[in-house]
Amino acid sequence: MAITKTKSIREQVYDNLKEMIINGELKSGTKIIELEYAKKFDVSRTPIREALRMLELEGLVDNSDKGGVTVTFISKEDIRQVYEIRVALENLIIEEIIRHKKNNLKKIEKIFEKTKKYMNESKSIDEIIKLFSEFNNELYELSGLYHVSKLITNINQYTKRFRRLCLFNEVRLKEAYEEHLELIDAIKNKNREKAIKINTEHLLKSRDFVLKNYVFNN
């Protein structure tokens, strides 16, 4: 781990461990031993311990007296509940945008143009995933519902562990892109019912894809 001056050592350790969990480098059930990772990152055990506490608060690791710190398992029920929460919160965002006619979608349209270009050029999937995240974040910001947006952002950090699975599938990736286009078209036309329907179906399709294809360890 390269230490920089812009962030504290604890924050950098946290970022690295979190990325390793989200990307699947640290799989469910993996033990995280403080001393081992202190050596790996060339830091003392204190920032490791502090970072693990932060990850525990986010539900990414468990800390038990007997088992030590382990990466949490993801169950089918976890996935169902997370997507139900996303449906409820994102539909609030969409309703707020349509209700208050916050339909200045130029930034989002530029993201779409770039996404289509990247998909046609077969750019790396990580670059396309970033653009999908930009789309979501721009939509959340447009609503002005900052507390709701923060809740969704926190949930999306958790769902990165399995959302990447959907976007690594070329068929599902293209479907998701088309669904986003339809959603924005409905928002432009201030068609609340259609927009809510499209968004709900979009998220439930993603949920069902994950439930079908994710390898559960428990």
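This is a predicted model: local features need pLDDT of at least 70, side-chain atom pairs count only at pLDDT 80 or more; totals for chains, interfaces and linings use all residues.
Biologist: At what angle do the axes of H2 and H3 cross?
Modeller: Helices (H or I, at least four residues) are DSSP runs, numbered from the N terminus. Axes are lines fitted to C-alpha atoms, for helices over the stretch in contact, and angles run from 0 to 180 degrees between N-to-C directions. H2 covers residues 34-41 and H3 covers residues 45-57; their axes come within 9 Å and cross at roughly 115 degrees.

Biologist: Which word describes the orientation of H2 to H3?
Modeller: Angles under 35 degrees count as roughly parallel, over 145 as roughly antiparallel, 65 to 115 as roughly perpendicular and the rest as oblique. The H2 and H3 axes cross at roughly 115 degrees. That makes H2 roughly perpendicular to H3.

Biologist: How many charged residues does the contact of H2 with H3 have?
Modeller: Contact means heavy atoms within 4.5 Å. Glu34, Leu35, Tyr37, Ala38 and Phe41 of H2 meet Arg45, Ile48, Arg49 and Leu52 of H3. Ala, Val, Leu, Ile, Met, Phe, Trp, Tyr, Cys and Pro count as nonpolar, Asp, Glu, Lys and Arg as charged, and the others, Gly among them, as polar. By class, the contact has six nonpolar residues, no polar ones and, as charged residues, three.

Biologist: How far apart are the axes of H6 and H8?
Modeller: H6 spans residues 125-143, and H8 spans 170-188. They pack at an angle of about 20 degrees, and are therefore roughly parallel to each other. The distance between their axes is 12 Å.

Biologist: Is the crossing of H6 and H8 left-handed or right-handed?
Modeller: A crossing is left-handed if the near helix is turned anticlockwise from the far one by less than a right angle, and right-handed if clockwise. For H6 passing H8, the crossing is left-handed.

Biologist: How many polar residues are in the contact of H6 with H8?
Modeller: On the H6 side are Ile125, Ile128, Phe132, Phe135, Asn136 and Leu139. H8 brings Leu173, Ala176, Tyr177, His180, Leu183, Ile184 and Ile187. Eleven residues are nonpolar, none are charged, and the polar ones number two.

Biologist: Which residues have the most contacts inside the largest nonpolar core?
Modeller: A nonpolar core is a set of buried Ala, Val, Leu, Ile, Met, Phe, Trp, Tyr and Cys residues joined through side-chain atoms within 4.5 Å. Buried means under 20% relative accessible area, exposed over 50%, partly exposed in between (1.4 Å probe, protein chains only). The largest core has 67 residues, and those with the most contacts inside it are Leu17, Leu139, Phe162 and Ile187.

Biologist: Which residues does leucine 139 contact, leaving aside neighbours within four places in sequence?
Modeller: Leu139 sits in H6 and takes part in the contact with H8. Its contacts are Ile93, Ile97, Ile108, Leu183, Ile184 and Ile187.

Biologist: Which word describes the orientation of H4 to H9?
Modeller: H4 covers residues 76-99; its axis and that of H9 come within 10 Å and cross at roughly 160 degrees. The crossing is right-handed. The angle makes H4, relative to H9, roughly antiparallel.

Biologist: Is asparagine 199 buried or exposed?
Modeller: Asparagine 199 is in helix H9. Beyond its neighbours within four places in sequence, it contacts Glu90, Asn91, Ile94 and Leu183. At 3% relative accessibility, asparagine 199 counts as buried.

Biologist: What is the phi of aspartate 42?
Modeller: Most residues other than glycine have a negative phi. Aspartate 42 lies in the loop between H2 and H3, and is exposed, with a relative accessible area of 68%. Although not a glycine, aspartate 42 has a positive phi of about 60 degrees.

Biologist: Where is lysine 190, which also has a positive phi?
Modeller: Lysine 190 has a phi of about 55 degrees. Its relative accessible area is 39%, so it is partly exposed. Its place is the loop between H8 and H9.

Notes:
Residues are numbered from 1 along each chain as its sequence is written. Side-chain values use heavy atoms; hydrogens and water are left out. Helices (H or I, at least four residues) and strands (E, at least two) are DSSP runs, numbered from the N terminus.
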